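Biologist: I am new to this structure and would like to learn how to read a few of its features. Could you take me through them one at a time?

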Amino acid sequence: MSKKTYLTNKIVLIGDARVGKTSLVRRFVSNMFDPSYKITLGTTIMKKEVDYLSYNVTLAIWDIGGQEVFRQIRSKYFFGSKGALAICDASNYESFKNLPSWVESFKKEVGDKPIIFIANKCDLKDQKVTEDDMNQLIKDFSNTEYLYSSAKDGTNAEKAFINLTRLMVAAEDIV
Ligand code: G3D
Ligand code: MG
């Protein structure tokens, strides 16, 4: 039997308010979507274990919770992160345009760590962010990929976190 390696990694959810960060992590951690869930005030940290190859990775998932507008708290929030989900709302182009600024401040604090770009709310009819947009965006970044997701119907919610875990394990150069 192969030996398991146990790791704990902090990851952060980055992106504008109301793109679905809290909903996505709730979908992943407890497989729930609660439309009445209100904006979280303080940062919450949720934990979930992911098995990948011979690794058991405990993700400590930081959710900024309603403080997205306060740029000065970003560096505290990012500190020590091993990776990030950079999330926009696929029905809100403005939230897509703001992703590079989120990623820039993330990289400034923690360096070149794995990031998965997410266009959430892909269940909505009114899609504004195209595959072309997402391809253009990720061209400028190494060690990344993108996914469309829906916290509402569950599309790719789990995959987002699993793929990020895969990139983080690879980035640690321990495979
Ligand atoms: P945030 O944590 O990024 O601020 P939230 O975003 O998770 O609080 O979600 C903001 C709003 O978008 C919520 O609406 C939530 O129900 C909704 N939402 C989140 N993800 C999805 C999704 O994948 N599809 C759809 N259709 N809606 C989503 P309300 O109105 O309940 O506050
Ligand atoms: Mg939130």
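Biologist: Let me begin with the cysteines: how many disulfides does the structure hold?

Modeller: In general, a disulfide is a covalent bond between the sulfur atoms of two cysteines. This is a predicted model, and the structure holds zero disulfides. Cys-88 takes part in none, since the nearest cysteine sulfur, that of Cys-122, lies 11 Å away, whereas a disulfide requires the two sulfur atoms to be within 2.5 Å.

Biologist: Is Cys-88 buried or exposed?

Modeller: Cys-88 has 0% relative accessibility and therefore counts as buried, while Cys-122, with a relative accessible area of 25%, is partly exposed.

Biologist: Turning to the strands, which way do the side chains of E6 point?

Modeller: The general idea is that in a regular strand the side chains alternate between the two faces of the sheet. In E6, Thr-144, Tyr-146 and Tyr-148 point one way, Glu-145 and Leu-147 point the other way, and all of them are buried. Because five of the five residues of this strand, residues 144-148, are buried, E6 is largely enclosed by the rest of the structure.

Biologist: In which sense do E5 and E6 pair, and over how many bridges?

Modeller: Strand E5, which covers residues 115-120, pairs with E6 in the parallel sense over five bridges, and Tyr-146 in E6 is the bridge partner of Phe-117.

Key. Residues are numbered from 1 along each chain as its sequence is written. Chains are lettered from A and ligands numbered from 1 in the order in which they are written. This is a predicted model: local features need pLDDT of at least 70, side-chain atom pairs count only at pLDDT 80 or more; totals for chains, interfaces and linings use all residues. Side-chain values use heavy atoms; hydrogens and water are left out. Buried means under 20% relative accessible area, exposed over 50%, partly exposed in between (1.4 Å probe, protein chains only). Helices (H or I, at least four residues) and strands (E, at least two) are DSSP runs, numbered from the N terminus. Two strands pair if DSSP finds at least two bridges between them.
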